[in-house]
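Reader: I have a new model open and would like to talk it through. Can we start once it is on screen?

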Amino acid sequence: QAKQMGGGQYCFYTEEMDQHITRKLQLENGLRKAVEKEGIDVYYQPQVDVYSGKIIGFEALARWSHPELGFIGPDEFIPLAEETKLIVPLGEKILFEACHQYRQWINEGHNLERISVNLSAIQFMDPTIVSTVERVLKETGVAPEHLEIELTESIVQDSIQALPVMNRMKTMGVQLALDDFGTGFSSLSYLKDFPLDTLKVDRSFIQTIHENEKDRAVVDTVIQLAERLGLSVIAEGVETEVQLDYLRSHGCAEYQGYVFSKPLNKTEASALLTRSMAM
Ligand code: C2E
Ligand code: MG
Ligand code: MG
Ligand code: MG
């Protein structure tokens, strides 16, 4: 059709668009199958005490390998799962798997405070979310205080709907963290209204902390803001000792990042826990 309109350029763009749509359909079908057949893995990144170096908990992160296309990052498949509403069954599986694994580690005698699970705004707005969380906690035997739900600032756009859900989660005893803090749309007034427990400083501020005075100003301010509001603060994406030293000397009590460990599969995470228990 584009050819009839004349001009090879249009044809080029059409093919590119076709390829884009084909890949998307391929991913969509693959994702649907992966959700049905337990094809999505959960990886775990340690959350660490800045001062003692002890593992406090893990953040659960979804991983997917498409049979033909190979590894697809969550930054690509999570938005697709949201678009297709597959995020609801997928998110539930991830939540279950993560809580189940946490319980297993506790049963093995590991001293872990928390398991953190990312919930997308769409999942959070689903009318079944509160009962799903309740049921998963019950089935896995995890006390609500040990589950931390990570929300992004996109939740703020639906605050009228989100606030009652957050309050019900709080009543249940579940912890709430605001992920990627500082990169979204949140106005400070929401911080005061939302029943949050933790702010997660986005890694974009941590990355250039050593060279950028302004990033240091942002990080310092978030740490102080959290303190004044009675919230915990955790830095994400810590890659170097220099960044870690900075956080230590500026009162940020927790971190996660490659300098300690990348996200690990459950076997690797278990081995790491066993090693760190022996220390
Ligand atoms: P996030 O929740 O902010 O997760 C942190 C991301 O930073 C993860 O990327 C993690 O692998 C990466 N990361 C950790 N430490 C470092 C570091 O030191 N340096 C760098 N450069 N990166 C680091 P990942 O696993 O690719 O996930 C990307 C995003 O996808 C997550 O951001 C989260 O928003 C979303 N996501 C992942 N798993 C899930 C899930 O199960 N459910 C939902 N709704 N979203 C998920
Ligand atoms: Mg997160
Ligand atoms: Mg984050
Ligand atoms: Mg992110």
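**Cysteines first**

Author: Cys252 is buried, with a relative accessible area of 0%. Buried stands for under 20% relative accessible area, exposed for over 50%, and partly exposed for in between, using a 1.4 Å probe and protein chains only. The model is predicted, so local features need pLDDT of at least 70 and side-chain atom pairs count only at pLDDT 80 or more, while totals for chains, interfaces and linings use all residues. Residues are numbered from 1 along each chain as its sequence is written, chains are lettered from A and ligands numbered from 1 in the order in which they are written, and side-chain values use heavy atoms, with hydrogens and water left out.

Reader: And Cys99, buried or exposed?

Author: Cys99 is buried, at 0% relative accessibility.

Reader: How many disulfides are there in the whole structure?

Author: The search finds 0. A disulfide here is a pair of cysteine sulfur atoms within 2.5 Å.

Reader: Ok, metals. Which residues hold the magnesium ion (ligand 2)?

Author: Its protein donors are Glu59 (OE), Asn118 (OD1), Glu150 (OE) and Asp179 (OD), at 2.0 to 2.2 Å. Donors are N, O and S atoms within 2.8 Å of the metal (3.2 Å for Na, K and Ca); water is not among the atoms, so sites may look incomplete. Along the chain the donors of ligand 2 follow the spacing E-x58-N-x31-E-x28-D. Among them, Glu150 in strand β5 (residues 147-151) and Asp179 in strand β6 (residues 175-181) are 29 residues apart, so this pair links distant parts of the chain. Strands (E, at least two residues) and helices (H or I, at least four) are DSSP runs, numbered from the N terminus.

Reader: Are those two buried or exposed?

Author: Glu150 and Asp179 are both buried. Asn118, found in strand β4, is partly exposed, with a relative accessible area of 29%.

Reader: What about the magnesium ion (ligand 3), which donors does it have?

Author: Asp179 (OD), Asp180 (OD) and two entries for Glu236 (OE) are its protein donors, lying 2.0 to 2.4 Å from it. The donor residues are spaced D-D-x55-E in sequence. Asp179 lies in strand β6 and Glu236 in strand β8 (residues 232-236), so that pair ties together parts 57 residues apart in sequence. Asp179 and Glu236 are both buried.

Reader: Which strands does β5 pair with?

Author: Strand β4 (residues 114-118) pairs with β5 in the parallel sense over 4 bridges, and 4 bridges join β5 to β6, which also run parallel. Two strands pair if DSSP finds at least two bridges between them. Glu148 is the bridge partner of Ser116 and stands opposite Gln175 in β6. From β5 the chain crosses through helix α6 (residues 159-172) to β6, a β-α-β crossover that is right-handed. Right-handed is the term if, with the strands pointing away from the viewer, the path from the first strand over the helix to the second runs clockwise.

Reader: Now helices. What is the span of α3?

Author: Helix α3 (residues 87-107) has 21 residues and should span 30 Å at 1.5 Å a residue; its end C-alpha atoms are 29 Å apart, which agrees. The expected span is 1.5 Å times one less than the number of residues.

Reader: Which residues of α3 are buried?

Author: They include Ile87, Leu90, Ile94, Cys99, Tyr102 and Trp105. The arc is that of the directions from the helix axis to the C-beta atoms.

Reader: And helix α2, which residues are buried there?

Author: In α2 (residues 74-83) they are Phe77, Leu80 and Ala81. They cover an arc of only 100 degrees, which puts them on the same side of α2. The face turned away from that buried side carries the exposed residues Asp75 and Glu83.
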